[in-house]
Amino acid sequence: MSTNPSTAAAATPRWDAKRLGWPRPRLGIAAVALLVAIVFPFVSPDRSWLSTAALVMITITLAQSWNLVLGYGGVWNFGQLAFYALGAYSAGIIATYLPVSPWVAIPIGGIVSAVIALLLSIPVLRLRGIYVSLLTFGFAEVVRLLIIADQSGVTGGSYGMSGFTGFGFSGENALKINYWIGLGVALLTTLVLFALVRSPLGNGMIAMRDNPALASARGVGQRTYQMVIFAISGFFAGVAGAVYANVFEVASPTLMGLGPMTLIVTMMVVGGLGTITGPIIGTILISFVQMQLQDVPEVRFVALGIVLLIVILAMPRGLVPFISGLWARFEFWMNEDQDWTDDDYEDEPEPETRSSRRAQTEAPKAERTASR
Amino acid sequence: MNLVLQTLVSTLVQGSMLALITIGMNLVYGTLRVLNMAQGVMVMVGGIAAWTFVANLGWSPWLAMILAMVIAALLGMLSYAVGISRLIGRAGIDFEMTAFISTFAIASILQNLVQLFYGPRQKDFPALVPGRLQITEGVSITWHQVLTAVIAIAALSALGVFLAKSRYGLAIVAVAQNLDAARLMGIPARRAYVLTMGLAAGLAGLAGVLLAPVYFVSPNMGDLPMLQALIVAIFAGLGSTRGTIIAAYIIGFVQAAVSIFWTSTYAMPVLYALIVVVLIARPYGIAGKPQEARL
């Protein structure tokens with residue numbers, strides 16, 4: 001995935017996520033969830049549920065891509081929707097003007113977004129914290145204004161693009177197939193994110209977020225790491241956009257802006273930034289609640305804002321870390337001979353001073369951020 | 001020549017307006033370390049409150065302006081009490097990030113509440129003073145623009161005097177400069193925070209009333225000023241008052257020049273490109289301090 005093995009990885013020949021304190025994935029729960037997701041089209045009450053579910057899958061892809069850079073990377077990127085829209089518009093333009101399959105349009109949409117993300121990262125990553133959010137948010141707004149102001153007819157201005165065929169499925173099962181495509185993309189994105197976060201690149205990235213000084217002192221090159229993260233994140237956002245354009249056969253400036261941004265940020269924050277499951281759970285919860293409130297759009301967004309406010313005040317780290325924290329306490333209560341803050345790695349024999357010291361500095365953060 | 005004059009006049013008006021909005025954001029960032037995303041919404045609240053008083057109740061626009069400022073200031077204080085005060089000093093979270101998202105949520109709630117009660121339609125707002133001022137042949141500005149610039153500059157000067165001379169202003173500056181030292185001198189930091197939030201929102205509300213006749217009053221009238229304020233804020237470097245005012249006039253000039261000599265559609269993208277270039281050369285804006293990057 002990356003060309004930047006960290007120095008610690010070079011020192012230890014084998015990269016062992018478990019010994020670094022990453023919790024083991026709960027394969028059973030994941031398998032059940034996946035099964036439910038696969039059979040969902042057969043049990044969904046009606047078309048609007050299925051349509052929402054398809055959108056949920058695309059949104060999960062987008063939220064995971066954003067999660068990578070915002071939650072794990074600690075880069076305050078608030079312009080992710082621009083990459084999403086760019087992916088959607090790329091797919092739309094390809095479907096309208098080029099005689100290629102929509103399957104080709106998806107990676108192309110991703111690559112377009114990735115390249116633009118990489119270019120944007122050059123000025124953005126010279127900055128820190130709040131300045132990054134200003135510049136990226138400004139970027140997204142400028143992209144939106146440019147699309148709205150476009151008079152050339154290529155993007156359709158404020159009305160957006162439509163009239164292209166998308167995947168071209170028709171008939172009874174079209175929506176189901178579209179849903180499964182979305183599911184596949186969301187699953188793939190999540191798996192890539194999972195692998196990435198547990199790779200040397202991911203560990204360096206998290207170290208940089210939690211302690212930039214220590215991370216650079218240990219040879220994690222900030223610029224390169226964050227640029228790679230930015231590009232990967234942009235790629236998946238673009239893919240999400242391209243899938244959106246192909247599934248719903250439309251690309252419009254309403255994909256961006258303050259409203260959609262509030263929506264996705266709420267999903268991520270409610271679920272828990274910097275966790276794998278958080279954005280998934282947040283997206284599903286918020287999407288179906290939103291679907292129920294569809295008839296009252298203003299109330300819908302007011303409710304969304306209130307939910308975001310309450311969650312950020314009551315449990316700033318999100319639902320998933322909050323619940324897994326409770327679960328850890330519960331387990332401690334069940335077997336009281338252990339202190340619940342103890343981590344397993346301290347009981348293990350230490351084979352080599354360097355790697356174990358690294359493990360000690362990294363593992364508590366890993367525990368905190370990767371709790372599933 | 002006429003176009004140049006027109007540009008300069010436009011710069012003065014726009015720059016003063018931008019300074020008025022951005023200075024509040026900067027003040028809040030300087031004292032609280034919160035990027036207040038609700039600033040644009042406060043502009044809108046000011047406009048909509050003034051519109052309510054003038055169009056619905058038939059009050060004088062001048063009274064409405066003062067009331068709108070007060071309402072925006074109260075809302076700013078309320079948003080501090082609801083959204084920010086609880087996050088201060090909490091362990092285990094990134095305060096800047098959570099507070100940013102929190103103000104963002106407040107902005108979203110307020111904007112949609114206004115949309116719920118007033119509808120998305122754009123509303124006309126009467127100019128505070130009618131008529132135009134003829135400067136030379138072919139160059140004229142409305143009296144409203146003159147008034148906007150005058151009020152904005154007066155408000156900024158008043159703010160400057162307040163921060164430099166008054167007890168409360170000095171408390172705000174002290175908290176911004178060094179929180180620990182300010183506390184040791186017996187300055188109640190939390191009260192300074194409330195005051196700052198109120199001031200910032202009040203200035204934004206004033207800007208909203210002044211912008212209302214130009215942009216119309218609608219739930220998203222604050223979006224564009226917010227975006228411009230963000231650009232000014234990055235350009236200036238957060239936390240610097242003098243830098244903000246200089247940056248506001250520079251941005252106002254670029255915007256006016258692009259709008260007059262080219263097209264207003266590309267004013268924003270050109271500004272953005274300019275910002276990117278500036279940031280590549282000076283990552284902390286024209287007046288920001290590199291120490292802002294605290295480890």
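To begin with the partner, what percentage of the contacts in chain A with a separation of 6 or more do residues 24 or more positions apart account for? After that, please take me through chain B.

Modeller: Happy to. This is a predicted model, in which local features need pLDDT of at least 70 and side-chain atom pairs count only at pLDDT 80 or more, while totals for chains, interfaces and linings use all residues. Residues are numbered from 1 along each chain as its sequence is written, with chains lettered from A and ligands numbered from 1 in the order in which they are written.

The figure for chain A is 80%, where two residues are in contact if their C-beta atoms, placed from the backbone, lie within 7 Å. Chain A has 15 helices and two strands; helices (H or I, at least four residues) and strands (E, at least two) are DSSP runs, numbered from the N terminus. Of its 372 residues, 50% count as buried, a word for 20 or more other C-beta atoms within 10 Å of a residue's own; 12 or fewer make it exposed, anything in between partly exposed, and these C-beta atoms are placed from the backbone.

Now to chain B. Its 11 helices and two strands follow one another from the N terminus as α-α-α-α-β-β-α-α-α-α-α-α-α. The C-alpha trace of chain B spans about 60 × 50 × 35 Å along its principal axes. Buried residues make up 51% of the 295 in chain B. Among contacts in chain B between residues at least 6 apart in sequence, 74% join residues at least 24 apart.

Arg33(B) sits in the loop between α1 (2–32) and α2 of chain B. Although it is not a glycine, Arg33(B) has a positive phi of about 60°. Because 20 other C-beta atoms lie within 10 Å, Arg33(B) is buried.

Next comes helix α2 (residues 39–56) of chain B, whose 18 residues reach 25 Å from the first C-alpha to the last. Most of α2(B) is covered, with 15 of its 18 residues buried. Just after α2(B), another positive phi, of about 70°, belongs to Gly58(B).

The two strands give a contrasting picture. Strand β1 (residues 132–136) of chain B lies largely in the open, because zero of its five residues are buried. Over four bridges, β1(B) pairs in the antiparallel sense with strand β2 (residues 139–142) of chain B; two strands pair if DSSP finds at least two bridges between them. Opposite Arg132(B) stands Thr142(B) in β2(B). Together β1(B) and β2(B) form a hairpin with two residues between them, and Gly138(B) in the turn has a positive phi of about 90°.

Finally, here is where the chains meet. The contact takes 35 residues from chain B and 37 residues from chain A. On the side of chain B that touches chain A, the elements giving two or more residues are α4 (95–118), α9 (223–236) and α11 (267–281) of chain B. The largest share of that side, 14 residues, comes from α4(B). By type, the residues on this side of chain B divide into 25 nonpolar, seven polar and three charged; Ala, Val, Leu, Ile, Met, Phe, Trp, Tyr, Cys and Pro count as nonpolar, Asp, Glu, Lys and Arg as charged, and the others, Gly among them, as polar.

How values were computed: Expected span 1.5 Å × (residues − 1).
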